[in-house]
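Please look through the sequence and the structure shown here before reading on. The briefing that follows goes through the contacts between parts, topic by topic.

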Amino acid sequence: MAKKKTIRTIPQERTPIAHQDPGKRIKNFDEVALGYGLEDALNESERCLMCPETQCIPGCPVSIDIPGFIAKITAKDYRGAYDVLTQSNLLPAICGRVCPQEDQCEGLCTVGDTLEPVAIGRLERWIGDMAISEGWSNIPYREPNGFRIGIVGSGPAGIACAADMAKAGCDVTVFEAFHKPGGVLRYGIPEFRLPNAVIDAEIDALSKLGVRIKCNTLVGRLFTLEQMRNEMGFDAVFVGTGAGYPSFMDIPGESLNGVLSANELLTRCNLMHAGEFPDYDTPLHLGQRIAVIGSGNTAMDAMRVCLRLGAANVHCVYRRTRNESPARVEEIDHAEEEGVEFHWLAAPVEILGDDQNNVRGMRCIRMELGEPDESGRCRPVPVQGSEFEFEADMIVYAIGTNANPIIGQTSKLKLNKWGYLATDDTLATSMAGVYAGGDIVTGGATVILAMGAGRKAASSMKKYLGIRDTDSLHSTEIDDTITTLFGIDTREKNFARVRIA
Amino acid sequence: MGSTSSERTDLQKAFNTSPGLEDESAVEIIRREDFSDVTFMLEFHHPMMAKAAKPGQFVIVIPQEHGERIPLTIADFDRKKGTVTLVIQAVGKTTKEMQQTCHRGTPLFGVVGPMGTPSHIGNNKKVVCVGGGLGVAPVFPQARAFKESGAYVIGVIGFRNKELVFWEEKFRKYCDEFIICSDDGSVGIKGLVTDGIKLALKKHTDIDEVVAIGPPIMMKACAETTRPANIKTTVSLNPIMVDGTGMCGGCRVKIGEGIKFACVDGPDFDGHQVDFDDLMNRLKRFNEDEKKALERWSVSCRIRGKEAPPTGPRL
């Protein structure tokens with residue numbers, strides 16, 4: 001038995017992760033954070049105190065057994081670590097990269113009270129990457145239960161829900177409107193933060209569970225949710241269509257050529273390969289002096305894509321300060337290292353055009369921080385008479401999105417006052433058997449929160465269909481001597497639904 | 001929409017028989033017809049889409065793997081045959097390439113739709129359906145739907161000259177009155193579609209709605225023609241878009257005081273509210289890039305043409 005670790009005996013420094021040099025990386029789309037090597041991972045795994053009362057797990061939206069998988073790494077049982085991870089999360093290589101761990105598991109880590117917290121995300125990614133390169137996949141034994149599940153949208157919420165339902169033995173079909181699956185992982189998050197190869201591998205893992213993915217299918221218009229439930233024979237449906245519908249500010253000049261949403265910029269580049277125009281047919285018409293309005297993760301992605309495509313100057317214009325920025329600290333740091341110029345406390349009031357209706361700049365106003373608003377962040381207040389002109393030939397809006405209207409237009413689902421789908425605590429919508437989760441319920445959030453919602457909805461759907469949740473069954477199987485619980489055989493995976501004529 | 005048991009099996013069949021995990025999504029072209037040197041018609045097989053399509057909706061086509069997503073208004077659909085028809089004008093790189101490569105039996109890499117809010121057919125008693133040039137195709141399903149709903153339909157279609165005319169008979173079939181115009185007078189009355197509208201307005205004082213589809217400049221002129229009499233005028237806008245699902249905002253158009261996304265809020269809008277100048281400016285957004293792509297493609301065609309001359313006439 002190893003000696004009990006204490007905060008004094010563990011490696012004091014958080015194991016650094018290698019990064020591609022900023023000067024080099026703005027000329028390519030390769031990943032910025034290069035990932036841990038074996039030594040790094042083993043060293044970092046030693047830093048976990050294996051707290052008996054874990055702080056980190058409640059911080060994880062999908063409740064990964066964090067000390068459990070780290071213990072397997074320490075024991076050099078990497079496949080075992082992957083098994084622990086995939087009990088809760090089908091997509092470790094993605095989540096290890098894009099989760100805001102500093103606000104979740106790592107933010108609650110006990111080590112973090114005294115030292116830098118354990119780099120849980122980097123370890124998760126290391127295991128996820130190893131699984132991809134080794135070709136590991138965990139395909140549980142599935143007894144088909146005859147239930148058919150339809151999932152609308154192949155983004156993080158949809159695939160998390162699909163995986164859980166498939167594991168429970170359902171016949172799952174995922175519908176995607178684009179020609180490639182992945183949703184925001186594909187069109188939104190750029191290659192240097194989440195390589196397409198990783199998405200492909202994780203989608204492949206889903207296919208191995210027997211999930212069918214149908215692309216080029218716009219649910220609502222090709223067929224409606226009502227048709228899915230009635231004519232097409234889906235016993236339950238999950239809607240995870242994301243937020244979509246980018247916001248603009250309604251200031252003069254927004255329809256000038258050269259003004260676009262970050263969604264459009266990223267979709268053109270990530271999904272449609274506009275950076276390789278004219279080998280690919282989708283153009284972008286990149287500017288040379290680009291202003292991005294907003295300071296969230298999407299803004300950072302948009303700016304860093306522009307730099308890599310060859311923009312000379314990229315500026316971030318945000319009405320609050322760095323402290324109130326919604327982007328991850330790491331993303332702001334990376335953008336700064338790569339040469340993005342930040343203009344805090346400035347907001348555009350008008351976009352200026354030339355006689356050809358192209359953008360030539362914008363008029364901005366200085367802001368100062370006032371009293372905190374309901375979000376807890378200081379409200380920006382314009383400074384009278386502080387207007388100034390800012391030269392730019394491309395302006396990108398990254399100020400968030402509104403609800404996508406298609407499902408609302410084509411179904412009778414109840415919407416909330418902002419147009420998002422209204423759900424109860426179990427993520428059930430107003431239509432029986434139809435569940436929803438992710439950005440289409442909450443508004444723009446993160447990949448992992450969407451995955452958490454997908455899993456939560458899956459759990460509710462199983463209850464709705466009368467499928468016993470194998471997760472809760474799992475905990476009773478640990479003691480091999482007990483074979484029955486409440487008179488039910490513990491090996492039994494589910495109840496067959498009884499239909500009374 | 002009532003669902004019969006035969007529909008039920010059709011829909012279920014479409015899914016139960018889908019092979020493999022990730023279904024190949026290519027769509028097969030089953031018929032092509034060339035209307036002129038630049039205009040051609042493609043009919044493809046997609047029973048679910050044919051069943052779902054309604055007048056006024058559009059599809060997005062990705063012709064090949066490296067292709068762009070182009071929105072095309074549905075020109076016809078046949079629910080029995082399970083086919084959807086598009087009429088395409090070869091103007092840019094993508095459409096010229098389609099003219100060269102899309103034949104009967106060849107696949108389209110991806111087709112998604114129907115998209116957009118369907119046209120409101122309603123209980124109009126008398127309507128004018130106006131199609132200018134290529135716009136004749138997308139206005140056709142609306143004329144047919146109006147006719148089938150019991151309305152008195154006045155068709156007004158216009159072309160530059162006689163050589164470019166297509167679907168004259170097909171259109172006439174659903175019209176109670178039919179006016180064809182040409183710029184040079186080689187067919188029908190000499191004049192623009194607005195002259196045709198004026199004729200119809202003079203003869204009938206009880207027109208409920210005018211539906212006009214064609215190039216933006218034509219739709220603008222139609223809206224101006226009907227404005228004095230304050231007759232409801234619906235136009236179908238086709239701005240530049242990427243996804244067609246409301247996600248990119250590239251297709252935003254100025255309608256009255258507000259901004260709308262043509263892909264999900266339209267493509268049909270009140271012609272008297274549309275800012276056509278803004279639309280026309282935004283359509284020029286990628287002019288330089290489009291020119292570059294077309295030149296590069298034409299050069300590569302010439303080079304390839306030397307190696308292997310084109311074989312036989314296209315069908």
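Across the interface of domain 2 of chain A and domain 3 of chain A, in what is a predicted model, there are 5 residue pairs in polar contact, both partners of each pair having a pLDDT of 80 or more.

**Domains of chain A**

**The interface of chain A and chain B**

- In the contact between the two chains, chain A takes part with 55 residues and chain B with 64 residues.
- The area buried between chain A and chain B is about 5,100 Å², and carbon and sulfur atoms give 55% of it.
- Arg221(A), Glu231(A) and Asp281(A) supply 14% of the area that chain A buries against chain B, which is more than any other three residues supply.
- Across the interface of chain A and chain B there are 4 salt bridges, and Glu264(A) forms a salt bridge with Arg285(B), the closest N and O atoms being 2.9 Å apart.
- The interface of chain A and chain B also has 24 residue pairs in polar contact, with both residues at pLDDT 80 or more.
- Two or more residues of the side of chain A that touches chain B come from each of helix H10 (196-208), strand E5 (212-214), strand E7 (259-261), helix H12 (262-271) and helix H15 (406-410) of chain A.
- Helix H12(A) gives the most to this side of chain A, with 4 residues, and by class the side divides into 26 nonpolar, 18 polar and 11 charged residues.

**Salt bridges in the whole structure**

- Over all chains, a search of the whole structure finds 50 salt bridges, and Arg212(A) forms one with Asp171(A), the closest N and O atoms being 3.4 Å apart.
- Because Arg212(A) lies in strand E5 of chain A and Asp171(A) in strand E4 (residues 171-175) of chain A, this pair ties together parts that are 41 residues apart in sequence.

**Domains of chain B**

- Chain B is divided into domain 1 (5-115 + 287-303) and domain 2 (126-283), and the C-alpha centres of these two domains lie 23 Å apart.
- In chain B, 21 residues of domain 1 are in contact with 23 residues of domain 2, and the two domains bury about 1,800 Å² between them, 61% of it on carbon and sulfur atoms.
- There are 2 salt bridges across the interface of domain 1 and domain 2 of chain B, while Asp76(B) forms a salt bridge with Arg144(B), the closest N and O atoms being 2.8 Å apart.
- Among the strands that each supply at least two residues of the side of domain 1 of chain B that touches domain 2 are strand E2 (39-45) and strand E6 (83-89), and E6(B) gives the most, with 4 residues.
- This side of domain 1 of chain B has 12 nonpolar, 7 polar and 2 charged residues.

**Confidence in the model**

- The model scores ipTM 0.85 and pTM 0.85.
- Chain B averages a pLDDT of 86, and 89% of its residues score at least 70.
- Over residues 1-9 of chain B, however, the pLDDT is below 50, and this stretch has 6 contacts in the model beyond near neighbours in sequence.
- Residues 306-315 of chain B also stay under 50 in pLDDT, and the model has 7 contacts for them beyond four places in sequence.
- Where pLDDT is low, the predicted coordinates should not be read in detail.

Methods. Residues numbered from 1 in each chain as written. Chains lettered and ligands numbered in written order. Predicted model: local features only at pLDDT ≥ 70, side-chain atom pairs only at ≥ 80, totals over all residues. Heavy atoms only, no water. Polar contact = N/O pair within 3.5 Å; in protein donor to acceptor, adjacent residues only side chain to side chain. Contact = heavy atoms within 4.5 Å. Buried area = accessible area lost by both parts, 1.4 Å probe. Salt bridge = Lys/Arg side-chain N within 4 Å of Asp/Glu carboxyl O. Nonpolar A, V, L, I, M, F, W, Y, C, P; charged D, E, K, R; others polar. pLDDT = per-residue confidence, 0-100. Domains from an automatic or database assignment.
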